[in-house]
Amino acid sequence: MSENERTIRALREILHMPGNDACADCGAPDPGWGSCSLGVFICLACSGIHRNIPSISKVKSLRLSRWEDDEIRFMADNGNQLMKSKYEAAVPVYYYKPTHKDCQVFEVLLYHDYFYSTLMNDHCRFAAGTKDGLLMKRGRDNGQFLSRRFVLSEVEGTLKYFTKYDAKEPKAVIKVDTINATFQPEKIGNPNGLQITYLKDYSTRNIFVYHDSGKEIVNWFNYIRAVQLHYLKVAFPGATDAELVPKLTRNFLKEGYMEKTGPKQREGFKKRWFTLDHRRLMYFKDPLDAFAKGEVFLGSKAHGYNVLPGLPAGTHCNGAWQCGITLETPDRFFLFTCETEIDQQDWVKHFSNVMKAEMSPQEYTMEALFKHRH
């Protein structure tokens, strides 16, 4: 057996130890790289990030690199579970840990900086409970991105933005408990694009921002989560962090184009951009619209909500797409069409999963609000 074969066998045995079968950073399965200075196994994508911090992490391929005996012993003595408990011990609970399913905006130094010690200074600077800075914001009507001042306040529980840096009055005051923030690089057309949604007069409002620095935009993202967590701890004093963290920012369950017809189902099917945010299905004429053209609440099957592939018999489908979906609510039917059968099945699966889940007291309140609005 060659030296390289012995090395591969030894590393493969270490990989079988608990916790080493997935990337230490993003959770991707079957990591093919290791940091011989940190003692963790990582995937190809994260290995590229580690190479950018050579003073902290030295990475090697598990199959192609030459490993010294002491490096192999170091990997065996440490590994993902032990080292994650060490490096993640000081991370605040609000800090979002990216996974391999997230967009690449997370795959910059900021995540590894945090766990490998440099972002702690940023956390200390937020101890005062405010963040103030400039972001490029898309205009609601003209679509141009212009520099706007944003101020996040933990004391007030608000995010404000100003059209001019020295403006005395904000253009908008957004309550943090209504905010959702999610990274949208492809939709916004910038690798550091962030979509912020909130409730305005009981309707969902979208604003789209970005920053040239990936580190800075993720700081904004995590500070929004920090203020939200503070708000929730005040609102629910008996709740644990484990119960509250899932209530912070969330990724949309699914987005994409479908065609829909109107409530009388005699109008032509028109192409719309749909966003499924748990129990709220919103549709827009354009993915970057500030306001939804309409919203549909998805309750539970036990309360008269259902979804079926296909359209009711006799439906005149005059759109370009033919793969239908019938969404039933206690008040009406919604008819959609998808471009492909695969897309149809995926939407049906997501709708069905939402409807299978039991509704929370807050969701019953939301359902009542939707009925009152419509």
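A: Leaving aside neighbours within four places in sequence, Leu 232 is in contact (heavy atoms within 4.5 Å) with Leu 244, Lys 247 and Leu 248. The model is predicted: local features need pLDDT of at least 70 and side-chain atom pairs count only at pLDDT 80 or more, while totals for chains, interfaces and linings use all residues. Residues are numbered from 1 along each chain as its sequence is written, and side-chain values use heavy atoms, with hydrogens and water left out.

Leu 232 belongs to helix H8, residues 214–235. Helices (H or I, at least four residues) and strands (E, at least two) are DSSP runs, numbered from the N terminus. Leu 232 is buried, at 10% relative accessibility; buried means under 20% relative accessible area, exposed over 50% and partly exposed in between, with a 1.4 Å probe and protein chains only. Gly 19 lies 213 residues from Leu 232 along the chain, and their C-alpha atoms are 32 Å apart.

The UniProt record, an unreviewed entry, annotates residues 5–89 as "domain: Arf-GAP"; UniProt positions are given in the numbering used here, feature names are shortened, and annotations may be inferred rather than shown by experiment. This stretch is 42% helix and 11% strand, with its end C-alpha atoms 36 Å apart.

As for the cysteines, the structure has zero disulfides (pairs of cysteine sulfur atoms within 2.5 Å). Cys 43 is in none, its nearest cysteine sulfur being that of Cys 26, 3.7 Å away. Cys 43 is buried, at 10% relative accessible area. The sulfur of Cys 46 has its closest cysteine sulfur in Cys 43, at 3.8 Å, too far for a bond. Cys 46 is also buried, at 2% relative accessibility.
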